[in-house]
Amino acid sequence: MKKHVYMDHAATTYTKPEVLEEMLPYFTTYYGNPSSIYSLSRETKKALDKSRDRVAKAINAESNEIYFTGGGSEADNWAIKGIANAYRDKGNHIITTNIEHHAVLHACEYLEKHGFEVTYLPVDKEGFVSVEDFKNAIKENTILATIMFANNEIGTIEPIKEIGAICKEKKIIFHTDAVQAVGHIPVDVKEMNIDALSMAAHKFYGPKGVGALYLRKGIKIHNLVHGGGQERARRAGTENVAGIVGLGKALELATEHMEEHNAKMTKLRDKLINELLKVPYTRLNGPRENRLPGNANICFEFIEGESILLLLDANGIAASSGSACTSGSLDPSHVLLALGLPHEIAHGSLRLSIGDETTEEEVNHVLEVVPQIITRLRDMSPLWDTFNKKGEK
């Protein structure tokens, strides 16, 4: 029987049994609309309030600063478009980076078509944005900065606290896409001076299709979804009660066991990186330090990532060559290109992302299979053949 090894936790996670168990009654027993006033609905309203409390506690926010959404992409779009339009009378300049998730990049591109100016900051070869570059990008008309907390492809953890302090001093609204960070590394919106933050339940063992936006009290925002008065009249639509319950439970579990899980994942991640870098003509994408505990991203020269993925799948291993949201694209990762990698090397990327329950046995299986795949693909590669012939001269 083919062994199944899941190494794509950055793309999505399964829903933990404890989370599903807490969700189930809200599909069948407590199914009332939370906006109604009878007792059945009061139970669902209590469940929403409990989840709001759980989310707030996990990031050191207040419960009335948490708004539930249909996922991380909606939260990003709402924060960026909603805040930009709410503060348009004060300016029209936004600062971001060129390695953001497409939910952020495309929202910024949309705003550029509607009269906003956006500065896309470069990053260094490990994916870090420069605090000095950020300072220098600020203008008199800068109203919003949106810098991701941790990169979804290469795992780089950005200097969020330092950027938050600058934004507070300059009175710039600071949003962070923390979809990869929340539930995996410590996040404190007060200490880090974060004004708005996006998260998604399915990244920390909750259900898909539900997320949340933290919005600091006093920050203005225009609605993205119009209709009824749900979410304190800021996000219309009958709430996904079961999903929201799952988000709250999953985040509570993730933060309770974070230190324990991170120690284990970091050890396995480092083993993956160290062993895979022994394969000739490879490079690590992203830093050794200040990296998400479960992220390993390696480029293998002279081959394409898609071929690696297909052969890994044939060996029962699920992995990625970059963001799951662009897995159908033939273009190399915009993140890897931003690091300065040429197209031909960026095409050969492999992202392995470890989860809470990944075992050393599974990592060993990956380390046995990957080098064999690389050798097989290079033997078939005209680029590898040409490179070797040049070396013989």
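These legends go with a handful of close-ups from a predicted model.

**Close-up 1. Helix α3 running alongside helix α9.** Two packed helices are described by the angle between their axes and the distance between the axes. Here, α3 (residues 39–59) and α9 (residues 241–256) have axes that come within 9 Å and cross at roughly 30°. That angle is under 35 degrees, so α3 counts as roughly parallel to α9. The crossing of α3 past α9 is left-handed. On the α3 side, the contact is built from Thr 44, Ala 47, Leu 48, Ser 51, Arg 54, Val 55 and Ala 58. Facing them from α9 are Val 241, Ile 244, Val 245, Leu 247, Gly 248, Lys 249, Leu 251, Glu 252 and Thr 255. Sort the residues of this contact by type and you get 9 nonpolar, 4 polar and 3 charged.

**Close-up 2. Helix α11 crossing helix α14.** This pair has α11 (residues 305–314) and α14 (residues 360–379), with axes that come within 10 Å and cross at roughly 130°. The handedness of the crossing is right-handed. From α11, the residues in contact are Ser 307, Ile 308, Leu 311 and Leu 312. Their partners on α14 are Val 369, Val 370, Ile 373, Ile 374, Arg 376 and Leu 377. By type, the contact comes to 8 nonpolar, 1 polar and 1 charged.

Close-up 3. An unreviewed UniProt entry annotates Lys 203 as "modified residue: N6-(pyridoxal phosphate)lysine". Look for Lys 203 in the loop between β7 (196–200) and β8 (211–215). Its relative accessibility is 10%, which is under the 20% cut-off, so Lys 203 counts as buried. Setting aside neighbours within four places in sequence, Lys 203 touches Ala 10, Ala 11 and Thr 13, along with Val 179, Gln 180 and His 184.

**Close-up 4. Ser 320 in its loop.** Ser 320 sits in the loop between β11 (317–318) and α12 (334–338). With a relative accessible area of 6%, Ser 320 is buried. Leaving out neighbours within four places in sequence, the residues in contact with Ser 320 are Asp 8, Leu 309, Leu 350 and Arg 351.

**Close-up 5. Phe 302 and Asp 385, brought together from separate parts of the chain.** Phe 302 belongs to the loop between β10 (295–300) and α11, while Asp 385 is part of helix α15 (residues 382–392). They are 83 residues apart along the chain, yet their C-alpha atoms are separated by 9.1 Å. Buried or exposed: which is Phe 302? At 14% relative accessibility, Phe 302 counts as buried, whereas Asp 385, at 39%, counts as partly exposed. The backbone of Phe 302 deserves a look too, with a positive phi of about 80° although the residue is not a glycine.

**Close-up 6. Arg 232 and its positive phi.** Most residues other than glycine have a negative phi. Arg 232, though, has a phi near 55°, a positive value in a residue other than glycine. Arg 232 is found in helix α8 (residues 230–233). How accessible is Arg 232? At 39% relative accessibility, Arg 232 counts as partly exposed.

Note on methods: Residues are numbered from 1 along each chain as its sequence is written. This is a predicted model: local features need pLDDT of at least 70, side-chain atom pairs count only at pLDDT 80 or more; totals for chains, interfaces and linings use all residues. Side-chain values use heavy atoms; hydrogens and water are left out. Axes are lines fitted to C-alpha atoms, for helices over the stretch in contact, and angles run from 0 to 180 degrees between N-to-C directions. Helices (H or I, at least four residues) and strands (E, at least two) are DSSP runs, numbered from the N terminus. Angles under 35 degrees count as roughly parallel, over 145 as roughly antiparallel, 65 to 115 as roughly perpendicular and the rest as oblique. A crossing is left-handed if the near helix is turned anticlockwise from the far one by less than a right angle, and right-handed if clockwise. Contact means heavy atoms within 4.5 Å. Ala, Val, Leu, Ile, Met, Phe, Trp, Tyr, Cys and Pro count as nonpolar, Asp, Glu, Lys and Arg as charged, and the others, Gly among them, as polar. UniProt positions are given in the numbering used here, feature names are shortened, and annotations may be inferred rather than shown by experiment. Buried means under 20% relative accessible area, exposed over 50%, partly exposed in between (1.4 Å probe, protein chains only).
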